[in-house]
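Thanks for making time this morning.

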Amino acid sequence: MKLLTIFLFVLAGLFPIAASAAAPAKAPLEVVVLGSGGPRPFGRASASYIVKVDGTPRILLDAGPGAFLRIGELNLDVSSVDIVLLTHLHIDHAGDLAAFFNARGLTSDGPITYRIFGPDGAGLFPKTSRFVDLLVGDGGAFAYQKTFGAPETFLVKDLAINLDSPQTTILDNKGLVIEEVSTHHGDCPSVAYRITYKGVSVVFSGDMDASALPNLARLAKNADLLIFNCAVLDPPASPKQLYELHTPPRKIGEAAHQSGVKSLLLSHTAPDVESQETAVRNSIRANYSGPVAFATDRLRVKVGGS
Ligand SMILES: [Zn+2]
């Protein structure tokens, strides 16, 4: 037995790859918070996340201002990030999209084909395909980007925005599944996303008011992690008009409980919400007993795995 142990040690030394096979497996999914703040400038990047799949950055979820800076700070390799999920087209969620294309384009000499998803248009808000065109399409503000660094193709799908639209699967490729459902964020078309890989799921609410909670609760059913944008306090502590845009903590707790999510991460939080952390936690705790955390820029959350 002793000899066998020594033999294995020698083998491990000779074959470091075999030795590393005993290291903890990569989490199926990992969320890297690029931006946890917004929409006002108070020293944090605004809403943006990179999702790693099997340890490789693959998905950009929202592109709030500051995402570009955080990608560099974290030395993230974005050379495989070809999927972009936009919850809505407010500046605090999409203002750095062109800067991301720039960063990604400069990591690769080979052609890039982006698959971009975001809401259909309404009122003052263009549909996502038009938004991308206005940025990098022919005649767009940054039309040069399509051939800057790497030849780029942008495949954009506009997602239904009525609350009674069915939940859909927008990607199902090699075990990576992405689903979406329409939400409601005042007059701004919005959607929420669920990403599933190897049996674990993370759900992003985006910005949404409470009228969309039934859709969100269905999308998030039994998810491992729900990232909910928590931009207001319970009424009447925040300005009244904000409740037509955002969901207060007590209702976030109700949704987390109804959907049976295993953990909750609050993001897109401003100082007025964070300064009331105890009240926010108590409010969520009234209905939801799972773990609750507040996001910070650069936070990494592994979902599943050891
Ligand atoms: Zn926002």
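I will take the metal site and then the cavity.

Please keep in mind that this is a predicted model, in which local features need pLDDT of at least 70, side-chain atom pairs count only at pLDDT 80 or more, and totals for chains, interfaces and linings use all residues. Residues are numbered from 1 along each chain as its sequence is written, and side-chain values use heavy atoms, with hydrogens and water left out.

The zinc ion is coordinated by D92 (OD), H93 (NE2), D207 (OD) and H268 (NE2), at 2.1 to 2.2 Å, where donors are N, O and S atoms within 2.8 Å of the metal (3.2 Å for Na, K and Ca), and since water is not among the atoms, sites may look incomplete. Along the chain, these donors follow the spacing D-H-x113-D-x60-H. D207 sits in the loop between β10 (200-204) and α7 (213-219), and H268 in the loop between β12 (264-267) and α9 (271-274), so the pair ties together parts that are 61 residues apart in sequence; helices here (H or I, at least four residues) and strands (E, at least two) are DSSP runs, numbered from the N terminus. Both D207 and H268 are buried, meaning under 20% relative accessible area with a 1.4 Å probe, protein chains only.

Turning to the cavity, its lining includes A47, Y49, L61 and D62, and β3 (56-63) and β11 (225-229) each supply at least two of the lining residues. A cavity, on a 1 Å grid over the protein atoms alone, is a set of points where a 1.4 Å probe fits but cannot get out, and lining residues have an atom within 4 Å of a point.

Technical notes: Buried means under 20% relative accessible area, exposed over 50%, partly exposed in between (1.4 Å probe, protein chains only). On a 1 Å grid over the protein atoms alone, a cavity is a set of points where a 1.4 Å probe fits but cannot get out, and a pocket is an open set with protein on both sides within 12 Å along at least five of seven lines; lining residues have an atom within 4 Å of a point.
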